[in-house]
Amino acid sequence: MVFPSTFRIFQRSISFTNPLIFRTLTTTLSLRADNNNRGETLTEGEKYLYEKLFKKFQPTKLHVQDISGGCGSMYAIEISSSQFNGLSMIKQHRMVNELLEDDIKKMHGIRLITST
């Protein structure tokens, strides 16, 4: 049986039509619930990148998630920092890419969202 992979997010409730997406999104939401106290919910790779980004940028918002299924080959990073004020998105991404240059070489891919 094939399940449709659509879902809808409402202000305080989430409706799913695919149980696999429910599991993935539930994990994502629990990781994003608290920016500053996430140590126990992160994988080793997520912790490493989180700490490295936090030390450099002192972000107001930081989410790091292994989106490769746990093997550490692809990460989604969302970061907001005052250090990005007045910079174009390309320059913001360059700053993050320069910091993670050696780490990115070992990854399959990275999804990056930056903001001030």
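A residue is called buried when its relative accessible area is under 20%, exposed when it is over 50%, and partly exposed in between, with a 1.4 Å probe and protein chains only. The model is predicted, so that local features need pLDDT of at least 70 and side-chain atom pairs count only at pLDDT 80 or more, whereas totals for chains, interfaces and linings use all residues. Residues are numbered from 1 along each chain as its sequence is written, and side-chain values use heavy atoms, without hydrogens and water.

**View 1. Overall arrangement of the protein.** Four helices and five strands make up the secondary structure; these are DSSP runs numbered from the N terminus, helices being H or I of at least four residues and strands E of at least two. The order from the N terminus is β-β-α-α-β-β-α-α-β. Of the 116 residues, 31% count as buried. The protein exposes about 7,900 Å², of which carbon and sulfur atoms supply 54%; accessible areas come from the Shrake-Rupley method with a 1.4 Å probe, and for residues only the protein chains shown count as cover.

**View 2. The open sheet β3-β4-β5.** Three strands form this sheet in the order β3-β4-β5, with mixed pairing. Its edge strands, β3 (61–66) and β5 (109–115), each pair on one side only; two strands pair if DSSP finds at least two bridges between them. Strand β4 (residues 74–80) pairs with β5 in the parallel sense over seven bridges. Ser80 has Ser115 in β5 as its bridge partner.

**View 3. Helices lying across the sheet strands.** Helix α2 (residues 44–57) lies across β3 and β4 and runs at about 155° to β3. Helix α3 (residues 89–99) lies across β4 and β5, at about 125° to β5. Axes are lines fitted to C-alpha atoms, for helices over the stretch in contact, and angles run from 0 to 180 degrees between N-to-C directions; contact means heavy atoms within 4.5 Å.

View 4. Glu46, Leu49, Tyr50, Leu53 and Phe57 are the buried residues of α2. They cover an arc of only 105° around the axis, which puts them on the same side of α2; the arc is that of the directions from the helix axis to the C-beta atoms. The face turned away from this buried side carries the exposed residues Glu44 and Lys55. Just after α2, Gln58 takes a positive phi of about 45°.
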